[in-house]
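Subject: Handing over a structure, with notes

Dear colleague,

I am passing a structure on to you, and below it you will find my notes on what turned up in it. Please read them with the structure open beside you.

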Amino acid sequence: MKLSKGERIFSIVNIMIMIFVCAVMLYPMLYVIGHSAMGDAERALHPLRMFPRKLDWTGYRYILSSPSIWSSYLVTILRVVTGTAFNIFITSLLAYPLSRRKYPARKFLTVLITFTMWFSGGMIPNFLLIRSLGLTNTFWVYVIPHLVDPFNLIILRNFFMQIPDSLEESAKIDGANDFTILMRIVLPLSKASIATIGLFYAVFHWNTWWDSMLYMSDKNMWTIQYLLQQLIANSNIYDFAASSSVAKPPAEAIRMACIVVATVPILCVYPFIQKYFVKGVLVGSVKG
């Protein structure tokens, strides 16, 4: 179909705007990646240059030889895997009854859960609660307080509401209970939304650092993001890799390399889930 002159102009303007937006979003990422492999002299002479003339991997060798980096990586990976699995399981168990119109407390519980999206007890009451439960300096402080996110719960509940009631009725006629219906019918039909909220939960667990700051005094249990925050904020950056056998590179190279190391893994996960992302969010937000 031949486009009119106005439609061609509109398409060109849209393409130019998208190119500009992509450039604005890519520049900080390329800047950090480039400077992480850039020599100190070149970084000082050309502070805005993205691509180094000569590659220098000293920063990567230094941080990857540090035991603290690897222990933080292990804690973060365990947190993402364990936390996301528990999040999906508990959120599904709560979203399923809330999606059933015959459940009498459905509206009341939905309002109660939605209320927590805007109001909370605050940082100090949360800290006192976590301490009274004995979760400080334990791995479970990364999992239990974040079991259910109200936004993700609403997305999954709305997706479950799209599943025809006739499937549930047929399963009950065959003798299936509610748990069997959830596990063998509802969840297999909800892969798009499960993948979407799984991505949301995984990104949250990977990026969060404040709970390490509040509840974790043991450095061996720090997450990679909190270690990165300490690397950026601390004036003596070499304290975090004191046992490293590699010669000490400039502090800026260590910071840039650590940012790349902490960011790349979660970026590698997104392409495998991206095909479910839009469908899961849109379908899960049709009904209330």
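I begin with K172, which is partly exposed because its relative accessible area is 43%, where buried means under 20% relative accessible area, exposed over 50% and partly exposed in between, with a 1.4 Å probe and protein chains only. Please keep in mind that this is a predicted model, in which local features need pLDDT of at least 70 and side-chain atom pairs count only at pLDDT 80 or more, while totals for chains, interfaces and linings use all residues. Residues are numbered from 1 along each chain as its sequence is written, and side-chain values use heavy atoms, with hydrogens and water left out.

Salt bridges

K172 belongs to a network of salt bridges that links R100, E168, K172 and D178, a salt bridge being a side-chain nitrogen of Lys or Arg within 4 Å of a carboxyl oxygen of Asp or Glu. By this rule the count comes to four salt bridges. The side chains of K172 and D178 meet at 3.7 Å, N to O, and D178 is partly exposed, with a relative accessible area of 42%. Helices here are DSSP runs of H or I with at least four residues, strands are runs of E with at least two, and both are numbered from the N terminus.

The side chain of E168 also meets that of R100 in a salt bridge, at 2.8 Å from N to O. Because R100 lies in the loop between α4 (67–99) and α5 (106–115) and E168 in helix α8 (residues 165–173), the pair ties together parts that are 68 residues apart in sequence. R100 counts as buried at 11% relative accessibility, and E168 is buried as well, with a relative accessible area of 14%.

The chain as a whole

What does the secondary structure of the chain come to? There are 13 helices and zero strands, and buried residues make up 38% of the 288 residues in the chain. A buried example is L231, with 4% relative accessibility, whose place is in helix α12 (residues 224–233). L231 and I254 are 23 residues apart in sequence and 8.3 Å apart in space, C-alpha to C-alpha.

Aromatic rings

A pair of aromatic rings is described by the distance of the centres and the angle of the planes. Rings of Phe, Tyr and Trp (its six-membered ring) pair if their centres lie within 6.5 Å, and planes under 30 degrees apart count as stacked, over 60 as edge-to-face and the rest as tilted. A search of the whole structure finds 13 aromatic pairs. One of them is stacked, W209 with Y226, because the ring centres are 6.2 Å apart and the planes stand at 10°. This pair links distant parts of the chain, with W209 in the loop between α10 (191–207) and α11 (210–215) and Y226 in helix α12, 17 residues apart. W209 counts as partly exposed at 31% relative accessibility, whereas Y226 is buried at 8%.

The rings of W210 and Y215 have their centres 6.5 Å apart and their planes at 65°, so this pair is edge-to-face. W210 is partly exposed at 36% relative accessibility, and Y215 is buried, with a relative accessible area of 7%. Elsewhere, F86, F139, W140 and Y142 form one aromatic cluster.

A patch on the surface

I9, V13, I17, F20, V21, V24 and M25 form a nonpolar patch on the surface, with about 650 Å² of accessible area together. Patches are made of residues with over 30% relative accessible area and no salt bridge, like charges being joined within 9 Å and nonpolar side chains (Val, Leu, Ile, Met, Phe, Trp, Tyr) within 5 Å, and accessible areas come from the Shrake-Rupley method with a 1.4 Å probe, where for residues only the protein chains shown count as cover. Of these residues, I9 lies in helix α1 (residues 5–36) and is partly exposed, with a relative accessible area of 47%.
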